[in-house]
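I opened this model to look up its strand pairing, its salt bridges and a few single residues. The entries below were written in the order in which I looked.

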Amino acid sequence: MRRILAASILITLLTITALAQNGTLKGKIVSAENGEPLIGANIIVDDTTGTATDIDGNFTITVRPGIHKVLCRFLGCNSETQTIEIKSGENFILEIALREEATNLGTVVVSAGKFEQKIEDVTVSMAVIKPDLVENKACTSMETAINQVPGVQIVDSEPQIRSGSGYSFGAGSRVMIMVDDLPVLSGDAGRPSWNFLPVENLEQIEIIKGASSVLYGSAALNGIINIRTAYPKDKPETKVNLYSGVYDSPKRDYAKYWDKANPTYTGINFFHARKIGNLDLVIGGNIFGDNGYVGGEPDTVRPGQAMGKELIISGQSYDLKQTKGLRWYGEESGDFENRIRMNTNLRYRSKKIEGLNFGINFNGMYARSAGALLMLDTDTGMYRSFPGAMTKTIKTIYNIDPFINYYSKMGVRHSLRTRMYYEDNNNDNNQANQSTLLYGEYQFSKEFVNIKDMNITSGLMGSYSESNSELFAGNEEGSPINFARNFAFYTQLDKKLFDRITLSAGARWENFEINETDNETKPVFRAGLSARVLKATYVRASYGEGFRFPTIGEKYIRTTVGPMNIFPSHNVLSESSWNAEAAIKQGFKVGDFMGYLDVAVFRQEIENAIEFTFGYWGSSTNFLDNLGFKSLNVPKSRIEGVDISLVGRGNIGPVNINILAGYTYMNPMNLAPDDTLTGTQGATYKSLSSDTSGILKYRFQHLVKGDVEFSYNKWSAGISYRYNSFMKNLDLIFIELDKSLLPTGIAKYREDRNEEGDYVVDTRLSYQFIEKAKVAFLINNLLNREYMIRPLQIEAPRTFIFQFTIKV
């Protein structure tokens, strides 16, 4: 017994002595450019053990006494190695400032793999919009900035990426819109509210082009748009942005609806961010009022002076050679928007548990607006609403996002993010709709410290949507109540080999249900490769599958807008696709100016694509009651093309230059245009189309986008250019009705254009008159072109904008 006791005492003493001999290495890793902490930087000791920095850039690791080699690395920065000597029991403090790599643009993205990557290393096509572009273009909503991205086109608030979708009356987006990795599509129609998105609080916008369903689910059939909001830096920041615009008269003066002063809009954005101890606080908001450039439907015509035009209203002819200034009464019924939006981000970094943070984000908006679905006609009524096509809306919308994150010292992150997204559209024409989306996602990710550049990301998500809407009362029971459920599990592995090759592969299992009557389960897969073949030359290839279940809106919408009816489609099927691309990205550096040229060849094939189709669907004895839109499946379609992007920034001599430009060619084709469409009385896609070549409807084949800004001393000047080719195909009935029952002039308008596309030029000039403040003058649609993105909806005439910005 005495021997056992002596051995135990000896072992205890030896253990205590051994522990006392160890030392502690602790410190902080920051950016050399701005001193901000680098979250998730790797610290590796003697190539054998390591840790990662926490949310404040701090780290702690226990090491043996002696001489050690310490490697510090962080994405987008030059690695640094130091040799240190730690004595027994010593607390060794090491602070390292890492510099940004000079051989890349320094653009770090999250959306491609749900962890930070250099944009050069991702295996898919991506575009990034920095907040400077949003501010400098005086964007009143997020869609204005996103519409500047090559390969992306927003058609009547619906985002298209590489012509992956057409026009769907706002029901069912094929592009997932997110704020901070959480969806902001309405729970019933799957439609984004662009004016709700916080332009005042923006870190950057990340756009993936191509099927992204593995990580982001059903609505990511053609890609994602992820808006990442900002958190405070070490120094408090305050920004106020005031702007005011005035709409110029249309090129054809007789088409304007206003009598006296031109319509205007005015807005203010504000943003404040600061750290209060361990609490991160962000507050932002927007107040906006717009008189609108589209007038209400006509009531009567005022007599007056010669105009040289003839107007027909309800079958009665008015000779404008004997009228003065085409004007209508009821001008208060035109389009307008008044809104107020407030948002806040709160994040607390735990003092007791290293690596733990939690918080809540909120964004809310109240708005009153009116908008016209169809113009009166393409001539004198171009800036007027068709009778019955103007909808007035009182909108209440908000999201509440509780979250908790934990970062371990071994590169493991646990994240639980939730969102309640509520939207209430109180419309005046029996189209009111209210929906609530409850969303939750748990995510586990691990960056292997001892296995260089290896990441695994896995997650579970679930969502529940409930809709109470007279607009979607077209279900089997005729009830305004509908609900949908969605559950999914996903995993993705990313590994970098030889510091040159990045491999990525992932899978997702997903289940959908609507009203306990429609239930479907689907797995999807993806894989990708990126390789650096020369110092600044990268090649990549990727394959991804997409899957989208119909929304409540697509299946059960029933309403009337002006002369058009919208019919439910109970039997519409889910759509699925695969997307493949091969690309090369060439980096370049000229002095202090650097950038890259990216060329991608892509192909997407879609089964049962859901197309909103205008035709003769009803069974009423009244011909007009049977006309309208309905969601139908197109069995086989293919989209292929080339997407070229040029991005650059830096100095050439004393001038700072920023460039975002590109060209996209797309060939969207129906592979079986002569096949009978399910749910029709023998109709084919070709028989319902204005173009019989098989090209898909409401798509463009050519897009050119460009934005260049030059800054010298206190002056900055910029120019934006956007071109879209002629929209070859739309629903044939628009053309047929124009010749008889509903003369809008769209047939002649399209014929006169002779398949010419549209282009728009915007310009801007700013002057920073003191260190913290600048003024800017902008002209949008400089040439005052009359153009439409979506047929029978006119875009804004030339607009003059003044902007004042102060940052403290």
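The entries that follow treat sheets and hairpins, then charged pairs, then cysteines and one serine.

**Entry 1. Ground rules.** I note that this is a predicted model, in which local features need pLDDT of at least 70, side-chain atom pairs count only at pLDDT 80 or more, and totals for chains, interfaces and linings use all residues. Residues are numbered from 1 along each chain as its sequence is written, and side-chain values use heavy atoms, with hydrogens and water left out.

Entry 2. I took helices (H or I, at least four residues) and strands (E, at least two) as DSSP runs numbered from the N terminus, and counted two strands as paired if DSSP finds at least two bridges between them. Strands of a sheet pair through backbone hydrogen bonds, either parallel or antiparallel.

I found an open sheet of three strands in the order β4-β1-β7, with mixed pairing. Its edge strands are β4 (58–63) and β7 (91–98), each of which pairs on one side only. On average, neighbouring strands of this sheet are turned by 25° against each other, direction ignored; the axes are lines fitted to C-alpha atoms, for helices over the stretch in contact, and angles run from 0 to 180 degrees between N-to-C directions. Six bridges join β1 (residues 23–31) to β4 in the antiparallel sense. Within β4, V63 is the residue opposite G23.

**Entry 3. The β11–β12 hairpin.** I next looked up β11 (residues 152–155), which pairs with β12 in the antiparallel sense over four bridges. V155 has E158 of β12 as its bridge partner. Two residues lie between the strands of this hairpin, and D156 in the turn has a positive phi of about 50°.

Which residues of β12 (residues 158–161) point which way? E158 and Q160 point one way, P159 and I161 the other, and all are buried. For accessibility I used relative accessible area: buried is under 20%, exposed over 50%, and partly exposed in between (1.4 Å probe, protein chains only).

Entry 4. Strand β36 (residues 627–652) runs antiparallel to β37 (residues 655–670), and 16 bridges join them. G641 stands opposite M666 of β37. I recorded a hairpin here as well: two residues separate β36 from β37, and G653 in the turn has a positive phi of about 65°. β37 also pairs with β38 (residues 702–712), antiparallel over 10 bridges, where Y663 faces V704 of β38.

**Entry 5. Salt bridges.** I counted a salt bridge wherever a side-chain nitrogen of Lys or Arg lies within 4 Å of a carboxyl oxygen of Asp or Glu. The count comes to 46 salt bridges.

E135 and K807 form one, with their closest N and O atoms 3.6 Å apart. E135 lies in helix α2 (residues 131–136) and K807 in strand β42 (residues 799–807), so this pair ties together parts that are 672 residues apart in sequence. E135 is buried at 8% relative accessible area, whereas K807 is partly exposed at 33%.

D598 and K585 form another, at 3.0 Å between the closest N and O atoms. D598 is in strand β35 (residues 592–616) and K585 in strand β34 (residues 575–590), 13 residues apart. D598 counts as buried at 6% relative accessibility, and K585 as buried at 5%. Both residues belong to a network of salt bridges that links R162, K209, R540, E581, K585, D598 and D643.

I also noted D758 and R785, whose side chains meet at 3.8 Å, N to O. D758 is in strand β40 (residues 758–770) and R785 in the loop between β41 (773–780) and β42, 27 residues apart. D758 is buried at 6%, and R785 counts as buried at 19%.

**Entry 6. Cysteines.** How many disulfides are there? With a disulfide taken as a pair of cysteine sulfur atoms within 2.5 Å, the count is zero. C72 is buried at 1% relative accessible area, and C139 counts as buried at 5%.

**Entry 7. S458.** Is S458 buried or exposed? At 14% relative accessibility, S458 counts as buried; its place is in strand β27 (residues 454–469). The S458 side chain makes a polar contact with the side chain of T491 at 2.8 Å. By polar contact I mean a pair of N or O atoms within 3.5 Å; within protein, one must be able to donate a hydrogen and the other to accept it, and residues adjacent in sequence count only if both atoms are side-chain atoms. Taking contact as heavy atoms within 4.5 Å, and leaving aside neighbours within four places in sequence, I listed Y442, Q443, F444, Y490 and T491 around S458.
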